[in-house]
Amino acid sequence: SRTRCSIASPPMAEPARGPSDNDVPRVVIAEDEAIIRLDLRETLVEAGYEVVAEAASGGSILAAVDEHGADVALVDINMPGMDGIELTDRLTRTGACAVVVVTAFGQRDLIQRARDAGALGYVVKPFDKSDLVPAIEIALGRFAELQTLRGRAGELEERLETRKLVDRAKGILMDTHDMTEAQAFRFLQTGAMQRRDTMAAVASAVIDGAVAPPQ
């Protein structure tokens with residue numbers, strides 16, 4: 001086994017930047033034991049990852065992710081203040097990064113809580129590189145899939161909302177300006193092109209009474 005050094009690694013001082021600028025997965029470490037943080041850092045660097053921040057508390061990691069960005073967070077469960085479950089929930093609800101829980105506890109209920117909070121990987125201490133790297137890579141892949149699904153869901157939701165607004169606006173134009181449905185749709189479409197805006201924005205303006213056909 002490797003010799004463990006008891007000196008904590010120095011604080012990070014990298015400037016903020018967007019995720020994966022150089023295609024190397026960037027990692028943050030939330031672990032309250034300095035020797036474990038160092039071990040994780042050494043393992044990650046040897047495996048080709050970039051550690052952009054590490055801290056002993058969940059709140060510090062949230063600030064670090066906000067400042068530096070990250071692709072994946074390695075999170076211990078037992079930490080002072082905000083524990084790893086809450087940190088995982090905060091990171092996953094905002095879509096900040098993938099989360100892999102690294103903990104000495106392997107109870108089924110704890111794994112369930114971590115999964116419910118959004119963890120995409122779970123590694124039990126004492127860990128080995130052969131355990132950690134696959135967990136990270138699987139978590140990164142799952143996170144990318146989730147982001148794609150969220151994007152598609154957002155597009156569908158936006159289209160549905162636009163359709164509702166357009167239908168409402170068409171109804172107003174048909175009722176108050178004696179237009180056919182086709183005429184009302186063309187009015188909205190032409191308005192969007194003339195204003196260089198979206199159909200939804202023009203429809204909202206019609207509904208609010210800010211836009212109307214000439215009398």
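Two residues are in contact here when they have heavy atoms within 4.5 Å of each other. With that in hand, here are the views of this predicted model.

View 1. In total, the protein chain holds 7 helices and 5 strands. Of the contacts between residues at least 6 apart in sequence, 64% join residues at least 24 apart.

**View 2. Surface and interior of the chain.** The protein chain has 215 residues, and 39% of them are buried. Its accessible surface comes to about 12,100 Å². Carbon and sulfur atoms account for 52% of that accessible surface.

**View 3. The largest pocket has a volume of about 220 Å³.** Helix H4 (108-117), strand E5 (121-124) and helix H5 (129-177) are the elements that each give two or more residues to the lining of this pocket. Helix H4 provides the largest share, with 5 residues.

**View 4. A closer look at the lining of the largest pocket, made up of 13 residues.** Take a moment to find Ile-111, Arg-115, Ala-119, Gly-121 and Tyr-122, the lining residues that lie nearest the pocket centre. By class, the lining of the largest pocket has 8 nonpolar residues, joined by 3 charged and 2 polar ones.

Key. Residues are numbered from 1 along each chain as its sequence is written. This is a predicted model: local features need pLDDT of at least 70, side-chain atom pairs count only at pLDDT 80 or more; totals for chains, interfaces and linings use all residues. Side-chain values use heavy atoms; hydrogens and water are left out. On a 1 Å grid over the protein atoms alone, a cavity is a set of points where a 1.4 Å probe fits but cannot get out, and a pocket is an open set with protein on both sides within 12 Å along at least five of seven lines; lining residues have an atom within 4 Å of a point. Grid points are joined across faces, edges and corners, and a volume is the space filled by probe spheres set on the points. Helices (H or I, at least four residues) and strands (E, at least two) are DSSP runs, numbered from the N terminus. Ala, Val, Leu, Ile, Met, Phe, Trp, Tyr, Cys and Pro count as nonpolar, Asp, Glu, Lys and Arg as charged, and the others, Gly among them, as polar. Buried means under 20% relative accessible area, exposed over 50%, partly exposed in between (1.4 Å probe, protein chains only). Accessible areas come from the Shrake-Rupley method with a 1.4 Å probe; for residues, only the protein chains shown count as cover.
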